[in-house]
Amino acid sequence: MRAARLIRMALLVQSSPGLTADALARELDVSRRTVIRDAQALQEAGVPIRAERGRAGGYHLAPGHRTRLTTLHPTEAETLYLSGLPSALRDLGLSDAADTARLKLSATLLPSLRAAAESSVRRFHLDAPAWFREPSAPELLPELARAVWSDRTVEITYARPGRDDAVTRLLQPYGLVLKAGVWYVVGRVPGGAWRTYRVDRVTALSPTDDEPFVRDPGFDLTEYWRANAEAFARTLLRTTATLRLTGRGLGRLPAVADPAGVAEALASASEPDAEGRVTVELPVESEEVAFAQLSELGAEVEVLAPEGLRARFRAHARDLAALYGVTPGQR
């Protein structure tokens, strides 16, 4: 939006006086001509921005002029980057700070820009979780978020999927990621290795008495997640189920199973047998999770292995038959 670009341009000139039109064009990802037009728009709106020629030229604000955004508290300013995610702010315990920040920001904007900002809120809303799943914030998420803000090392106890035991780790929490309604923490463990944990599986958390850790200046959370999300998703799939599927069941498999597992299953699919069914090897998180997912396919899937999962379906089928009074051979 142009209003947001104008604000950013004014702040760039305020923080880095002397930026040329070409430099501003690169920062704002627009053309040089657009920068010149935006400078004129800022002047017309009352912002004393001017272009100067020569070695010390570039764009400057009038001496002594500053925006009034400096009234924001640091925590409030940080929450502005999440202002389009009300559910995330609520989970992190930052709703009140965000509301206060928006009020302060609104008070600093020119009337024309304030109207544009309010208009965008009325027109756009992000609802991240999937349908029919009521997200619940992990109990320890706000405390973990405070450790992320303050760069504090924490000791976490983590329940591993499909296992009865838990592990305890020292973790330098670098960032939090909200993916499809599920929160993940990315951080460093002793030795320097990067790890990703589901926050809802963190059962205990305690800050250490150490000084704040020194963040790696080269770490980029967005790039890390983009590069490692698929590999992390695959590590969650610790068991393999052998399935025999109808063509319809194979087509519906992506709707019920994890994408990383489905990709491998489709790659492993056999040629159709005499009944038109194909056999695949599907990586799954656990037998319990696989049962919940594959139950949605009904008779379109037959579990061949592991035997424990096949036994679950056999017992489920008997229970359904008893409930509906079905005898063998009856339809």
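**Labels and the values behind them**

Guide: Let's start with an open sheet of three strands, ordered β9-β8-β10 and paired in the antiparallel sense. Keep in mind that this is a predicted model.

Visitor: What makes β9 and β10 stand at the edges?

Guide: β9 (278-284) and β10 (301-305) each have a single partner strand, so one side of each has no neighbour in the sheet. Neighbouring strands here are turned by 35° against each other on average, ignoring direction.

Visitor: How do you know that β8 and β9 pair?

Guide: Pairing takes at least two bridges between the strands. Strand β8 (residues 239-245) and β9 have seven, in the antiparallel sense, so they count as a pair. One of the bridges joins Thr-242 to Glu-281 in β9.

Visitor: Which helix packs on that sheet?

Guide: Helix α10 (residues 247-256) does, touching β8 and β9, and its direction makes about 140° with that of β8.

Visitor: What makes Thr-153 buried?

Guide: Buried means under 20% relative accessible area. Thr-153 comes in at 11%, so the label is buried. Thr-153 lies in the loop between α8 (141-150) and β3 (154-159). Leaving out residues up to four places away in sequence, Thr-153 touches Leu-170, Leu-171, Gln-172, Pro-173, Pro-207, Thr-208 and Phe-213.

Visitor: Where else do you find buried residues?

Guide: In helix α2 (residues 21-28), the buried ones are Ala-21, Ala-23, Leu-24, Ala-25 and Leu-28. Just after α2, Asp-29 takes a positive phi of about 60°. Over the protein, buried residues make up 36% of the 331 residues.

Visitor: Back to strands: how do you know that β3 and β4 pair?

Guide: Same test: at least two bridges are needed. β3 and strand β4 (residues 166-179) have six, in the antiparallel sense, so they pass. Ala-159 stands opposite Ala-166 in β4, for one.

Visitor: And what makes β4 and β5 a pair?

Guide: β4 and strand β5 (residues 182-188) are joined by seven bridges, again antiparallel. Since the cut-off is at least two, that makes them a pair. Gly-175 has Val-186 in β5 as its bridge partner.

Visitor: Which residue takes a positive phi in the hairpin of β4 and β5?

Guide: That's Ala-180, with phi near 50°, in a hairpin that has two residues between the strands.

Visitor: How many helices and strands are there in the protein?

Guide: There are 13 helices and ten strands. And of the contacts between residues at least 6 apart in sequence, 58% join residues at least 24 apart.

Key: Residues are numbered from 1 along each chain as its sequence is written. This is a predicted model: local features need pLDDT of at least 70, side-chain atom pairs count only at pLDDT 80 or more; totals for chains, interfaces and linings use all residues. Side-chain values use heavy atoms; hydrogens and water are left out. Helices (H or I, at least four residues) and strands (E, at least two) are DSSP runs, numbered from the N terminus. Buried means under 20% relative accessible area, exposed over 50%, partly exposed in between (1.4 Å probe, protein chains only). Contact means heavy atoms within 4.5 Å. Axes are lines fitted to C-alpha atoms, for helices over the stretch in contact, and angles run from 0 to 180 degrees between N-to-C directions.
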